[in-house]
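Visitor: I'd like a close look at a single part, please. Take me through it step by step.

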Amino acid sequence: RVDLAERAARVEEIPPEVLRAYLGGRGLGAYLVRAEGRHRLDPLDPSAPFVVATGPLTGTAAPTASRTSATALSPLTNTLFDANSGGFFGIRLRRAGYDALWIEGRADAPVVLSVDPDGVRFEPAGDLRGLGNRAVQRALAERHGPKAAALTVGPAGETGSRLANVAHGERFFGRGGLGATWGAKNLKAVVVRGEEPIEVADPEGFAFVVRECRKWLSAHPVTSRGLPEFGTAVLMNVVNAVGALPARNFRESRFDRADTVSGEALREITVGKKACPGCPIACGRRIRLGGGEVQGPEFETLWAFGVDLGLADLAAVARLNLLANDLGLDTISAGATLAAARELWERGDLPWDPLEGGEAGVARLLEEMALG
Ligand code: SF4
């Protein structure tokens with residue numbers, strides 16, 4: 001439990017009955033935020049906690065079990081909010097000996113919180129201020145080595161954008177504007193190192209269940225073919241075909257150019273897959289773009305920038321995805337906001353068309369949304 005204002009931390013035991021009653025990171029995070037009545041605070045009050053919580057399976061051999069929850073009061077919705085990401089952070093946190101990490105308070109200067117089995121350190125982050133997520137992650141990897149896992153915020157989090165996310169490499173705790181709570185805390189990054197093994201109570205029984213789960217995953221067409229072959233974008237043509245693809249700010253349910261931003265189109269420029277640790281599905285994509293190899297957009301981003309904004313241009317959506325991710329802006333929230341603005345313009349309630357400049361215009365607006 002870390003107080004950035006006091007630059008102090010202590011380890012607290014979570015009673016086993018709480019861990020059982022609120023099984024999993026989402027439940028545990030919600031319990032912890034509510035437990036002291038802090039859920040009534042303003043989300044940007046530095047005393048409002050930001051909690052990273054793992055579940056009992058995080059970091060075990062269970063497939064897809066690298067997922068980790070971030071729970072805080074949402075600056076966007078003003079509700080108790082949970083965002084979820086795969087990756088190494090939760091695994092390292094558990095291997096450092098912690099089920100959850102509670103962060104409160106505002107540091108007097110930008111700070112990187114460094115966590116390991118011996119406790120925490122508060123490292124100055126003045127040199128990282130204003131940097132995008134990719135540069136911060138590179139800098140932290142150089143300082144802390146390849147075995148450290150880092151969460152970061154980009155400029156959007158620092159400026160307090162209510163669309164700001166918290167990044168974990170190429171994965172994100174996306175919705176709810178939780179990145180803005182880091183700006184309110186002067187927190188630029190959290191790094192965790194931990195290498196202790198994670199014990200399971202019944203190794204033999206657990207290994208059996210894991211084998212069975214893997215069999216189910218390899219027998220199901222979605223997890224054995226659809227997601228591995230097309231990534232999450234496999235959904236695009238399917239959802240469009242059944243008339244459930246929200247387009248033009250949810251005014252329509254089909255997009256006549258959905259094929260241009262579909263999983264099939266993405267496959268044409270895919271050069272590799274990316275999996276969260278221990279996941280046999282590997283729904284992440286690496287794609288060819290502008291002579292380089294970059295992170296490919298997920299279904300939700302293809303929908304938000306491609307379908308909801310009507311940008312039927314896969315390369316443009318991929319570039320906007322990279323920009324938003326580096327700025328620390330949630331692509332779903334940002335795309336939906338711009339789509340709503342477009343509808344206002346169409347109805348005569350906004351004097352300028354947010355999509356007038358095409359990709360370049362959207363890129364400018366994303367920067368304005370992030371930088372203030
Ligand atoms: S690779 Fe995809 S399916 Fe596997 S855990 Fe990560 S997000 Fe889930």
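Guide: Happy to! Domain bounds here come from an automatic or database domain assignment. Domain 1 (2–192) and domain 2 (220–371) both contribute residues to the shell around the ligand, so the ligand lies between them. This is a predicted model, where local features need pLDDT of at least 70 and side-chain atom pairs count only at pLDDT 80 or more, while totals for chains, interfaces and linings use all residues. Residues are numbered from 1 along each chain as its sequence is written, and side-chain values use heavy atoms, leaving out hydrogens and water.

The shell (a heavy atom within 4 Å of the ligand) consists of Thr64, Arg67, Arg171, Ala275, Cys276, Cys279, Ile281 and Cys283. By class, five are nonpolar, one polar and two charged; Ala, Val, Leu, Ile, Met, Phe, Trp, Tyr, Cys and Pro count as nonpolar, Asp, Glu, Lys and Arg as charged, and the others, Gly among them, as polar.

Now to the sheet. Strands (DSSP E runs of at least two residues, numbered from the N terminus, as are helices, H or I runs of at least four) pair if DSSP finds at least two bridges between them. Three of them form an open antiparallel sheet in the order E13-E14-E15. Strand E13 (270–274) and strand E15 (292–295) each have a single partner, so one side of each is left without a neighbour in the sheet. Strand E14 (residues 284–289) is joined to E15 by four bridges, and Arg286 stands opposite Gln295 in E15.
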